[in-house]
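Visitor: Can you walk me through this one? I'd like to start with charge pairs and then move on to the overall picture.

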Amino acid sequence: MEEKRIFPRVKGDLEWLFVIQIDNNGKKIITETKDISCSGLRCKTDEYFAKESIVELILLLPLTERGLIFEKIKCTGKIVRCSLYIDNNKREIFETAFEFLNLEEKHHQKISKYITYVQEIAEKITNPFYAPQ
């Protein structure tokens, strides 16, 4: 299957999850990323979002390995997918994917740098012979 993604993404393994706030017409939802790229992100929510709807996003992007310092990134996002599934505790959860709409170039660069950093750390963990380019 051909990869259609323009930007690489990183999956939100436990040490790389970070918090996002979704503002849907004044209703605020706090959740964690499941993956992120420079074009958007995916998360789990308790709420259903209609495809194509627009929401305000605030990302707290970790700037240190332990996540003690954050970069606050505000932008809008368009819902590209919201799929229902039942989790292990028999709860209804929605896997929700957002496309970034008005991401400032400086924030795009910070997300890109974060993704590169996480990819390099993951490569070091899985490949003891890793040498950065």
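**Salt bridges and overall build**

Guide: Start with Glu47, which forms a salt bridge with Lys27; their closest N and O atoms are 2.7 Å apart. Keep in mind that this is a predicted model.

Visitor: Which parts does the pair Glu47 and Lys27 tie together?

Guide: Glu47 lies in the loop between strand 4 (40-45) and strand 5 (54-62). Lys27 belongs to strand 3 (residues 27-37), so the pair links parts that are 20 residues apart in sequence.

Visitor: What is the relative accessibility of Glu47? And of Lys27?

Guide: Glu47 has 27%, so it counts as partly exposed. Lys27 has 44% and is also partly exposed.

Visitor: How many salt bridges are there by this rule?

Guide: The count comes to nine.

Visitor: Which side chain does Arg91 meet in a salt bridge?

Guide: That of Asp87, at 3.0 Å from N to O.

Visitor: Is Asp87 buried or exposed?

Guide: Buried, because its relative accessibility is 14% and the cut-off for buried is under 20%. Arg91 is partly exposed, with a relative accessible area of 43%.

Visitor: And what about Glu104, which side chain does it meet in a salt bridge?

Guide: Glu104 pairs with Lys106, and the N to O distance is 3.8 Å. The rule asks for a side-chain nitrogen within 4 Å of a carboxyl oxygen, so this pair counts. Glu104 is partly exposed at 41% relative accessible area. Lys106 is partly exposed too, at 48%.

Visitor: Which residues are linked in a network of salt bridges?

Guide: Asp35, Arg42 and Glu95 are linked that way.

Visitor: Why can such side chains pair at all?

Guide: Because opposite charges can pair when the charged atoms come close.

Visitor: Switching topic. How many helices and strands does the protein have?

Guide: One helix and seven strands.

Visitor: What share of the residues counts as buried?

Guide: Of the 133 residues, 38%.

Visitor: What about contacts with a separation of 6 or more: what share comes from residues 24 or more positions apart?

Guide: Such residues account for 54% of those contacts.

Visitor: Last one. What does the accessible surface come to, and what part of it belongs to carbon and sulfur atoms?

Guide: The protein has about 8,900 Å² of accessible surface. Carbon and sulfur atoms hold 51% of that area.

Methods. Residues are numbered from 1 along each chain as its sequence is written. This is a predicted model: local features need pLDDT of at least 70, side-chain atom pairs count only at pLDDT 80 or more; totals for chains, interfaces and linings use all residues. Side-chain values use heavy atoms; hydrogens and water are left out. Helices (H or I, at least four residues) and strands (E, at least two) are DSSP runs, numbered from the N terminus. Buried means under 20% relative accessible area, exposed over 50%, partly exposed in between (1.4 Å probe, protein chains only). Contact means heavy atoms within 4.5 Å. Accessible areas come from the Shrake-Rupley method with a 1.4 Å probe; for residues, only the protein chains shown count as cover.
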